[in-house]
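Trainee: Could you go through this structure with me? I would like to start with the overall picture and then turn to individual residues.

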Amino acid sequence: DVTTSTSQKATAQCYRVTSWFGALAGVEAATAVAAGTADPNPPSLTPSWGARNTLWIACLGHNGAATPTYPTNYTGGTTTLGGPETTISARRELYASSEDPGVFTITSENHVVNTIAIRPVEI
């Protein structure tokens, strides 16, 4: 439980994912927090299941309403505005054992970035 003397706002996004492993063990993530004006760079992630046709999601949360350029080879970009707070994500399917999405090109001073891996169904 966190209590602050100022109000805080946030935005969120939900994805409906079908044909995935079906347990929390099938989702892994990495997070990075940064301040400054460098382009937000989601961290590299190596999920425990090794090379599979994984669904990768790159996410950015920042205080601003600018529209970004998504990391290279990421599509389906979604932006959720909530006042000055913004959540941005894009996705890609890639057969790999690890992924480093690359940067969101955007002017952002403080941000949180995530890389999420979702394991596919085992056939």
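**Surface and fold**

Mentor: The accessible surface of the chain is about 7200 Å², and 51% of that surface belongs to carbon and sulfur atoms. Please keep in mind that this is a predicted model.

Trainee: How many helices and strands does the chain have?

Mentor: There are zero helices and five strands. Read from the N terminus, the order of elements is β-β-β-β-β.

Trainee: And what percentage of the residues count as buried?

Mentor: The chain has 123 residues, and 34% of them count as buried.

Trainee: What about contacts between residues at least 6 apart in sequence: what share joins residues at least 24 apart?

Mentor: That share is 76%.

Trainee: Let us move to pairing. Which strand pairs with strand 1, and in what sense?

Mentor: Strand 1, residues 27-35, pairs with strand 5, residues 110-118, in the antiparallel sense, and nine bridges link the two. Within that pairing, Thr 31 stands opposite Asn 114 of strand 5.

Trainee: Where does strand 2 come in?

Mentor: Strand 2, residues 52-63, also pairs with strand 5, over eight bridges and in the antiparallel sense. Here Leu 55 is the residue opposite Ile 118 of strand 5.

Trainee: Which residues have the most contacts inside the largest nonpolar core?

Mentor: They are Leu 60 and Phe 104, in a core of 13 residues. Two or more residues each come from strand 2, strand 4 (85-96) and strand 5. Strand 2 gives the most, with three residues.

Trainee: What is Leu 60 in contact with, leaving aside its neighbours within four places in sequence?

Mentor: Its partners are Pro 40, Thr 86, Thr 87, Ile 88, Phe 104, Ile 106, His 111, Val 112 and Val 113.

Trainee: Changing topic: how many salt bridges are there, and which residues form them?

Mentor: The structure holds one salt bridge. Glu 99 forms it with Arg 92, and their closest N and O atoms are 3.2 Å apart.

Trainee: Are those two buried or exposed?

Mentor: Glu 99 is buried because its relative accessibility is 8%, under the 20% cut-off. Arg 92, with a relative accessible area of 18%, is buried as well.

Trainee: And how many disulfides?

Mentor: The count is zero. As for individual cysteines, Cys 14 is exposed at 79% relative accessibility, whereas Cys 59 is buried at 13%.

Trainee: I was also looking at Thr 72. Where is it found?

Mentor: Thr 72 lies in the loop between strand 2 and strand 3 (75-82). Its relative accessible area is 62%, so Thr 72 counts as exposed. Thr 72 and Gly 102 are 30 residues apart in sequence, and their C-alpha atoms are 6.7 Å apart in space.

Trainee: What is phi of Asn 73?

Mentor: Phi of Asn 73 is near 75 degrees, a positive value in a residue other than glycine. Asn 73 is found in the loop between strand 2 and strand 3, and its relative accessible area of 52% makes it exposed.

Trainee: What about Ser 19: what is its phi, and is it buried or exposed?

Mentor: Phi of Ser 19 is near 60 degrees, again positive in a residue other than glycine. Ser 19 is in the segment before strand 1 and is exposed, with a relative accessible area of 60%.

Terms used:
Residues are numbered from 1 along each chain as its sequence is written. This is a predicted model: local features need pLDDT of at least 70, side-chain atom pairs count only at pLDDT 80 or more; totals for chains, interfaces and linings use all residues. Side-chain values use heavy atoms; hydrogens and water are left out. A salt bridge is a side-chain nitrogen of Lys or Arg within 4 Å of a carboxyl oxygen of Asp or Glu. Buried means under 20% relative accessible area, exposed over 50%, partly exposed in between (1.4 Å probe, protein chains only). Helices (H or I, at least four residues) and strands (E, at least two) are DSSP runs, numbered from the N terminus. Contact means heavy atoms within 4.5 Å. Accessible areas come from the Shrake-Rupley method with a 1.4 Å probe; for residues, only the protein chains shown count as cover. Two strands pair if DSSP finds at least two bridges between them. A disulfide is a pair of cysteine sulfur atoms within 2.5 Å. A nonpolar core is a set of buried Ala, Val, Leu, Ile, Met, Phe, Trp, Tyr and Cys residues joined through side-chain atoms within 4.5 Å.
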